[in-house]
Each structure stands twice: as C-alpha cells, then as structure tokens.
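Biologist: I would like to learn how to read the features of a protein model. Please take them one at a time.

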Amino acid sequence: MTLRMFQSSVSSHMFPRVLLSSGPLSSTAAGRWSRFSQSSPILPHQLLRPAALSLNLPGIISGIWDSVLRAVPKKKTSHMKKRHRQMAGKALKDLKNINTCSGCGQMKRAHVLCPHCVEGMLSPIEYILSASGATALKIHSTTDPDFPLVQSIDGAHKVGCHHIVTNGKGSRAVSVGFGGEINVWACREGTWSKDDAASGNMAGAAGTWAVALSDDGQYLAGVTQDGHIKVWDLNANGELIRDYETKGSFGTCLDMSADGRLIASGHENGSVYIFSTETGRMPFSLSGLVKPVRTVAFSPGGKLLAAAGDSRVIVLYDTSSGEQVANLSGHSAWILSLSWSHTGEYLLSSSFDGKVKVWSIDTRSCVATHSETEKAVWSAKWLPKTGKTEGFATAGASRSIAFYREATGG
C-alpha cells in the first residue's frame with residue numbers, strides 16, 4: 001500500500017511561518033491566521049481543505065476492502081455478565097468426579113461404567129425385533145444404514161403380540177401374545193425361528209403379562225395379572241425355578257439387572273418391588289408412585305432403578321438402599337418406556353404425549369426432546385453405538401419405526 005499526496009500549485013514561500021509550525025497555536029497566532037486567511041487574495045478556498053489521499057491496492061485486496069471497512073468487532077462479554085451466568089448455574093462447570101478405571105486404567109467418570117470397557121464387552125446387535133397388534137413379528141437389520149426389513153415371522157401370535165424382549169447377545173427372544181401364549185425364538189445363521197422345546201413346557205405361564213430376559217438368555221422372568229413374579233430356566237426346557245408373591249396387584253412391567261441378581265416389577269397400584277435372585281427374598285418395597293407403573297429399568301451397572309408411569313414423573317431409586325434419589329419431570333402424559341444408554345450416562349423416555357426425551361443422569365435434567373409426532377410413542381430403545389455416535393429407535397401409534405442419530409455437527 002502506498003500513499004501519495006496531491007501537489008499544490010502554490011509555492012511554500014507564500015505561506016507565513018505560523019502556518020508551517022507543527023506546535024499548538026497561541027491565541028494571538030490563531031487570531032493573526034484567521035485575519036490573514038480572510039483578507040489574503042492569494043490563497044484559494046480549496047487549499048484550506050484537508051489533503052486528499054490516493055490508495056493503490058492490489059486487485060485481490062480491493063475486492064474485499066469494503067467488507068473489511070464494514071467489519072464490526074464482536075461484543076465482548078463483561079466479567080459481571082459471566083459472573084451472573086455462573087451464579088445462575090448456566091456457566092461451564094468443571095468435571096470433578098473423574099477417576100481411573102480399574103479394568104483398563106483409562107480415565108472415566110465416577111459412578112458410570114467405563115466406555116472403553118463397555119465397548120469391548122458389548123456384542124454387536126444386528127437385528128431389531130418389533131411386534132404389534134398384527135400376527136407377525138418384523139425383523140430389521142442394524143448393519144445397514146437404512147435399517148431394511150430382512151425377515152417377517154407370519155402367524156407368530158394369533159391375536160397379536162404386546163411384549164417382546166431379547167437377551168444381551170441378540171441370539172434369543174421371547175414374545176407374549178394377547179392370547180396368553182409365550183413363544184421363545186432363536187437366531188441361527190441369521191434366521192429367526194421358534195424354539196419349540198422351550199416354548200411349550202413353561203409351567204404356570206398362564207396369565208403372564210410382561211417378561212424380561214437375562215443377559216445370557218438362560219433365565220426368563222415374567223409378572224402375572226395377579227402379581228406373581230415367576231422365573232423359568234430356558235436351558236432346562238422352561239423349568240419353573242422361582243415364584244415370588246406380591247400384594248396381588250396387576251403386574252404391568254418387569255426388568256432384570258444385567259448381572260441377573262435383581263428383578264424389579266411395577267404394578268397397577270403404583271407399587272415397585274425388587275427381588276433378589278440369590279436369596280429369593282424381597283429386600284425392598286419402593287414407594288413414590290401412587291398411580292400405575294408402566295415401565296421399570298435397571299441401569300447397566302445395576303446401581304439405579306428407574307420407574308415411571310401414569311404419574312408423568314421418572315423416579316430414580318438406589319438399589320443398594322431402596323432410597324429415592326431423584327425425580328425427573330417434563331412429560332405431560334403417561335410415560336410408557338424407559339431405556340438406559342450403554343454406559344448409564346443417559347436415560348431415554350417415551351410418552352403418550354408423543355415426545356421422546358433424553359435425560360442426563362449426572363445433571364438430573366433433560367438434554368434433548370424429540371416431538372415429531374403427536375401420537376403416543378409406545379417404546380424407545382438405544383441402538384448400538386457406531387464409532388462415537390449414538391442413536392435410538394422409537395415405535396408407537398403412528399405404525400412406524402423411527403431411527404434417530406446423535407447430532408455431531410460434522
């Protein structure tokens with residue numbers, strides 16, 4: 001960039017010395033200069049204006065020069081405003097609950113499963129099984145990004161199916177129909193078929209409503225309409241090995257911890273019970289929900305139990321003491337399903353109001369809400385983690401399965 005001053009046609013000897021002085025002018029000198037400039041016929045009026053500048057800019061810079069001149073610096077956040085945000089709990093917070101994983105030695109958050117260890121232990125889930133009031137079971141593949149329908153089991157239940165569960169490895173499934181029948185399914189070489197040996201020999205299975213399957217697929221737990229909780233050994237042709245008795249209220253939901261030590265049931269009268277499979281006793285009868293409980297779910301580590309239903313509130317219990325540790329509110333209608341992420345950091349909930357919410361267990365707050373439909377969402381489940389991205393699937397009264405992926409900004 002070069003600067004060039006236009007030359008004047010009047011020589012410098014025509015100006016008095018006071019005009020050439022670079023220092024400040026005194027009042028007397030200023031008066032003389034004022035009188036001189038008014039009475040002098042030699043000085044044209046244009047010479048009293050500031051000198052003009054000419055800028056020789058390269059071609060590339062000249063194109064963006066206007067935008068540079070119009071650029072406005074960003075407004076800086078004052079210290080007082082930062083302090084106000086910090087006092088209101090909206091500022092960034094330091095993570096202090098960090099320790100070292102005893103398994104792999106890497107850093108992880110306290111009271112949460114190590115994501116590095118969990119990723120190594122999780123078996124790849126290749127299929128999604130869905131059921132409805134129709135007689136067929138639908139099976140979608142998770143290995144394809146489009147989740148195509150790969151198999152349909154027609155005539156699985158004569159009058160429709162209301163519950164279907166799978167084990168942790170995705171090799172065995174159990175479905176319960178509206179006719180009261182319980183069917184066991186096995187996956188062999190990528191094809192699902194009925195296991196007749198385990199399906200037809202379960203004693204006392206009449207009246208079973210909700211079921212839960214152990215992580216290895218050996219044990220099946222079911223809650224009946226009269227409040228009984230029964231456990232069968234599927235590897236022993238469906239032999240009944242446990243029968244727990246409650247106060248007789250309709251059993252609406254059931255879940256089994258990942259290690260198989262605990263079984264939790266929810267009932268129509270709002271009661272929640274936890275049973276120990278090792279001792280055969282009920283260590284806790286949990287309170288806090290006075291309306292029907294529609295879903296219960298153990299955290300991956302088994303330290304927390306989440307329960308929800310018609311009260312529109314998610315209640316978290318400590319399984320070691322039975323103490324109620326948190327309430328999560330935000331849904332405006334019945335809560336129909338709960339699902340924990342693989343590390344236990346997030347909880348997924350679906351409701352009759354058509355909304356699906358993601359809850360942070362660390363902050364006890366909702367971090368995301370999906371409301372693309374006004375119809376009830378009957379079930380929501382986390383999908384296998386692919387790389388660093390997590391996702392989930394939902395199904396409901398819209399008669400379709402929707403798949404969601406985490407927004408990474410990439």
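**Reading the model**

Modeller: Start with a hairpin: between the strands E29 and E30 there are 4 residues, and within this hairpin Arg-399 takes a positive phi near 60 degrees. Strands (E, at least two residues) and helices (H or I, at least four) are DSSP runs, numbered from the N terminus. This is a predicted model, in which local features need pLDDT of at least 70 and side-chain atom pairs count only at pLDDT 80 or more, while totals for chains, interfaces and linings use all residues. Residues are numbered from 1 along each chain as its sequence is written, and side-chain values use heavy atoms, with hydrogens and water left out.

Biologist: How many bridges join E29 to E30?

Modeller: Two strands pair if DSSP finds at least two bridges between them. Here E29 and E30 run antiparallel and are joined by 5 bridges. Ala-395 stands opposite Ile-401 in E30. Arg-399 lies in the loop between strand E29 (391-396) and strand E30 (401-405).

Biologist: Is Phe-147 buried or exposed?

Modeller: Buried means under 20% relative accessible area, exposed means over 50%, and partly exposed is in between (1.4 Å probe, protein chains only). Phe-147 has a relative accessible area of 12%, so Phe-147 is buried. Arg-399, at 82% relative accessibility, counts as exposed. Ala-186 in strand E10 (residues 182-188) counts as buried because its relative accessibility is 9%.

Biologist: What is Ala-186 in contact with, beyond its neighbours within four places in sequence?

Modeller: Contact means heavy atoms within 4.5 Å. With those neighbours left aside, Ala-186 is in contact with Ser-171, Thr-191, Trp-192 and Ser-193.

Biologist: How do I read a pair of aromatic rings?

Modeller: A pair is described by the distance of the centres and the angle of the planes. Rings of Phe, Tyr and Trp (its six-membered ring) pair if their centres lie within 6.5 Å; planes under 30 degrees apart count as stacked, over 60 as edge-to-face and the rest as tilted. The structure holds 9 aromatic pairs. In one of them, Phe-352 and Trp-378 have ring centres 6.1 Å apart and planes at 70 degrees, so the pair is edge-to-face. This pair links distant parts of the chain, 26 residues apart: Phe-352 is in the loop between strand E25 (346-351) and strand E26 (356-360), and Trp-378 is in strand E28 (residues 377-382). Phe-352 is partly exposed at 40%, and Trp-378 is partly exposed at 46%. Elsewhere, Phe-178, Trp-209 and Phe-250 form one aromatic cluster.

Biologist: Which residue joins its side chain to that of Gln-218 in a polar contact?

Modeller: A polar contact is a pair of N or O atoms within 3.5 Å; within protein, one must be able to donate a hydrogen and the other to accept it, and residues adjacent in sequence count only if both atoms are side-chain atoms. The side chains of Gln-218 and Asp-233 are joined by a polar contact of 3.3 Å. Gln-218 is in the loop between strand E12 (208-213) and strand E13 (219-224).
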